Amino acid sequence: MENLKAQINKNNVPDHIAIIMDGNGRWAKLKGKQRVFGHKHGVESVRKVIEGCADIGVKYLTLYAFSTENWNRPKLEVKTLMSLLVSSLKKELKTFQKNNIKLNAIGNIQSLPEKAQKELAEAIEKTKNNTTLTLTLALSYGSREEIVNVIKNISKKVVNNELQFEEINENIINNHLYTFSLPDVDLMIRTSGEQRISNFLLWQIAYAELYFTDTFWPDFKKENLFKAVLDYQNRERRFGKITEQIENINE
Ligand code: IPE
Ligand code: IPE
Ligand code: MG
């Protein structure tokens, strides 16, 4: 693993990594266990990946922990996921402080159980002055819901004359998203072999590099993260331009 880490070019580390942590249920099923067993082990991967990001200098890590669509899962699974969130926030506060991590949350946070909201608010408050890495948890998050809210909030401002219709541009939209304080995503990772976005950060991944791996989330550890970063570093991000323009930055 040290070897993998040594291969990473420190000058080209993605600033913002977003991860769709998928495959907990299938991982557990393969082991003949209940789905929640997979979710519990998934928390360990979260810790490893946070540490890996802090190790190589990633500034922003955004994790898809619970989607708006996940409310439609069996009641018991939803309940277990919510209690796991509460216990993990309590337990991982140490990891956050040790690694100088600032916690942030996006999504319809008011729809979470009171206890989860309280634990979340506390952890956010306690870590607010940390500076190494901003860890954003997407909880009850849905990109379409986020965009609908943006449109409503901007429209309200226009109606109230706080904003002129002509002033609406990409920056204004960015500033109204849950992710207003985060840069665009550079690298989006999805585990478990599924190759879809499942309503995650649709606006924010406009120019992200996508990385799909068959590894189930509970098996995803630091070295898997380093492999994804190395893959990212072998790509050429052209942003619509041509290779020659990228090679000669004065063009
Ligand atoms: C991801 O794993 C965790 C959440 C969506 C909360 P899954 O629970 O989706 O696991 P699979 O995809 O069914 O294996
Ligand atoms: C996406 O995984 C949501 C999270 C990882 C939190 P899902 O397992 O819910 O996605 P689909 O339903 O397979 O697209
Ligand atoms: Mg899944």
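Helices here are DSSP runs of H or I with at least four residues, strands are E runs of at least two, and both are numbered from the N terminus. You'll need that naming for a few stops, including Phe239, found in the loop between α8 (222-233) and α9 (243-247).

Before you click around: this is a predicted model, where local features need pLDDT of at least 70, side-chain atom pairs count only at pLDDT 80 or more, and totals for chains, interfaces and linings use all residues. Residues are numbered from 1 along each chain as its sequence is written, chains are lettered from A and ligands numbered from 1 in the order in which they are written, and side-chain values use heavy atoms, with hydrogens and water left out.

**Stop 1: ligand 1**

(Ala, Val, Leu, Ile, Met, Phe, Trp, Tyr, Cys and Pro count as nonpolar, Asp, Glu, Lys and Arg as charged, and the others, Gly among them, as polar.)

An oxygen atom of ligand 1 sits 2.7 Å from a polar backbone atom of Arg26, and a backbone N or O atom of Asn24 is 3.2 Å from a ligand 1 oxygen. From the side chain of Arg73, an N or O atom lies 2.8 Å from an oxygen of ligand 1. Taken alone, ligand 1 exposes 380 Å², and the protein buries 87% of that (Shrake-Rupley areas, 1.4 Å probe; for residues, only the protein chains shown count as cover).

**Stop 2: ligand 2**

Which residues are around ligand 2? Select Ile20, Met21, Asp22, Tyr64, Ala65, Phe66, Asn70, Arg73, Arg190, Arg196 and Ser198. By class, this shell has five nonpolar, two polar and four charged residues. Its largest share, three residues, comes from strand β2 (residues 60-67).

Arg196 has a side-chain N or O atom 2.8 Å from an oxygen atom of ligand 2, Asp22 puts a polar side-chain atom 3.2 Å from a ligand 2 oxygen, and a polar side-chain atom of Arg73 lies 3.3 Å from an oxygen of ligand 2. On its own, ligand 2 has 390 Å² of accessible area, and the protein covers 78% of it.

**Stop 3**

Most residues other than glycine have a negative phi. Go to Ser140 in strand β4 (residues 133-141): it isn't a glycine, yet its phi is positive, about 50 degrees. Is Ser140 buried or exposed? It counts as buried, at 2% relative accessibility (buried means under 20% relative accessible area, exposed over 50%, partly exposed in between, with a 1.4 Å probe and protein chains only).

Then jump to Phe239, another residue other than glycine with a positive phi, near 45 degrees. Phe239 is partly exposed, with a relative accessible area of 46%.

**Stop 3: Lys222**

Finish in helix α8 with Lys222. Lys222 is buried, with a relative accessible area of 15%. Show Asp55 too: the side chains of Lys222 and Asp55 make a polar contact at 3.1 Å.

Notes: Polar contact = N/O pair within 3.5 Å; in protein donor to acceptor, adjacent residues only side chain to side chain. Near = heavy atom within 4 Å.
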